[in-house]
Amino acid sequence: MKLSVLDLATVTQGHSAADALADTTRLAVQVEQLGYHRLWVAEHHCMPQVASSAPAVLIGHLADATTTLRIGAGGVMLPNHSPLVVAEQFATLEALHRGRIDLGLGRAPGTDPMTARALRRSGDLGADTFPQDVVELINYLADSDGPPTHPAPVPGRGYLPEMWLLGSSTFSAQLAGLLGLPFSFAYHFSPGQVDQAFAQYRDTFRPSAFLDRPRTMVAVSVLCAPTDEEAQWLAGPSALTILQLRTGRLGPLATPEEAAAYRYSPQERAVVDAATATHLIGDPETVHAGLVALQQRTDADEIMLSTRAHSLEARVQSLSLVAERWPTADRSTTAA
């Protein structure tokens, strides 16, 4: 079973958005050398901690920096954009990097309502038309002997990247099944419905020109270090982010020292503990056992690791330790 990586181009305390993008580029090179299957970046807007606001632009840069790693969006939030614009962007990426581009589509805006309205400049943000928008996008790019679409993007037909639907509930799971598309579940921030979503996806799956059988991926938060103590220390900033996000005080990702110095109230600690209960944080044995248990529970075909830490070195260390114990990782080369 394949392992992959989700990255948000995290802006950390004391560093700039340019630093975050440079780190994500260096991470992509390391991830490829470690034998991971794909790296996705996620679309978020107007968040001080996230620099991956323009996935298509970043994907092109990351694909240029690598040679075999699949690069994609996990995802593009389709309500923010017209299907034609997304089709043009990702058909261009597919034409430039044939067979290496993924397009994961999400139904949420990935931002606040005011920002979402500014992105699409329309009162209709498109969440209710998500199924129709997905079909429209596919029709622009899928191979077909029928008459050309109008409008007809260039690059267009024949330049469809590998498309996934993303979800944290059952809605996109059922839609992915009906359309015969792969489905990825966001267990890393919404674990509650993973079993139900995968069951409904498999129950509703119809073979298509894209897939003849269901194909699933589950994303999970992971931070691995040589010892449990070090892993918990490095995970402190991510835990603090959960609290900051819920209280509207989000800023750049704190340092481990800053996170350790924060004094949680009992109520705040309860919030963070509940949100991180399904995160895999610990030494290599602990994390490996957690990944095996998650795969056995979900029967997923692929696991995507979301690793947030203040330094690039801590992220690479975590992914390296996981890859060393995973039997399908290609370790013919090692990260520098």
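Modeller: Gladly. Start with arginine 315, which sits in helix α12, residues 312-325. Keep in mind that this is a predicted model.

Biologist: Why is arginine 315 called buried?

Modeller: Its relative accessible area is 3%. Buried means under 20%. So arginine 315 counts as buried.

Biologist: What does arginine 315 touch, leaving out residues up to four places away in sequence?

Modeller: Asp7, Asp23, Thr24, Leu27, Thr307 and Ala309. Contact here means heavy atoms within 4.5 Å.

Biologist: Which residues line the largest cavity?

Modeller: Leu6, Asp7, Leu8, Thr10, Ser306, Thr307 and Arg308. Asp7 and Thr307 are also among the residues that arginine 315 touches.

Biologist: What makes that space a cavity rather than a pocket?

Modeller: In a cavity a 1.4 Å probe fits but cannot get out, while a pocket is open. By this rule the count is 1 cavity of 30 Å³ or more. The largest cavity holds about 30 Å³ of space.

Biologist: How do the residues lining the largest cavity divide by class?

Modeller: There are 2 nonpolar, 3 polar and 2 charged residues in that lining.

Biologist: And what volume does the second largest pocket have?

Modeller: About 210 Å³. Helices α8 (228-246), α9 (256-261) and α10 (266-275) each give two or more residues to its lining. The largest share, 5 residues, comes from α8.

Biologist: Which residues lie nearest the centre of the second largest pocket?

Modeller: Gln232, Ala235, Gly236, Ala239 and Arg269, out of 14 lining residues. By class, the lining has 9 nonpolar, 3 polar and 2 charged residues.

Biologist: Now to another helix. Which residues of α7 are buried?

Modeller: Helix α7 covers residues 194-204, and Val194, Ala197, Phe198 and Tyr201 are buried there.

Biologist: How do you know that the buried residues of α7 line one face?

Modeller: Look down the axis of α7. The buried residues fall within an arc of 95 degrees, so they line one face of the helix. An α-helix has 3.6 residues a turn, so residues three or four places apart point the same way.

Biologist: What covers the buried residues of α7?

Modeller: The cover includes α6 (171-179), β6 (183-185), β7 (216-224) and α11 (284-298).

Biologist: Let us step back. How many helices and strands does the protein have?

Modeller: It has 12 helices and 9 strands.

Biologist: What makes the protein as compact as a globular protein of its length?

Modeller: Its radius of gyration is 19 Å. The globule rule gives 20 Å for 336 residues. The two values are close, so the protein is as compact as a globular protein of that length. Its C-alpha trace spans about 60 × 45 × 40 Å along the principal axes.

Biologist: What percentage of the residues count as buried?

Modeller: Of the 336 residues, 53%.

Technical notes:
Residues are numbered from 1 along each chain as its sequence is written. This is a predicted model: local features need pLDDT of at least 70, side-chain atom pairs count only at pLDDT 80 or more; totals for chains, interfaces and linings use all residues. Side-chain values use heavy atoms; hydrogens and water are left out. Buried means under 20% relative accessible area, exposed over 50%, partly exposed in between (1.4 Å probe, protein chains only). Helices (H or I, at least four residues) and strands (E, at least two) are DSSP runs, numbered from the N terminus. The arc is that of the directions from the helix axis to the C-beta atoms. On a 1 Å grid over the protein atoms alone, a cavity is a set of points where a 1.4 Å probe fits but cannot get out, and a pocket is an open set with protein on both sides within 12 Å along at least five of seven lines; lining residues have an atom within 4 Å of a point. Grid points are joined across faces, edges and corners, and a volume is the space filled by probe spheres set on the points. Ala, Val, Leu, Ile, Met, Phe, Trp, Tyr, Cys and Pro count as nonpolar, Asp, Glu, Lys and Arg as charged, and the others, Gly among them, as polar. The radius of gyration is taken over C-alpha atoms; the globule rule is 2.2 Å times the number of residues to the power 0.38.
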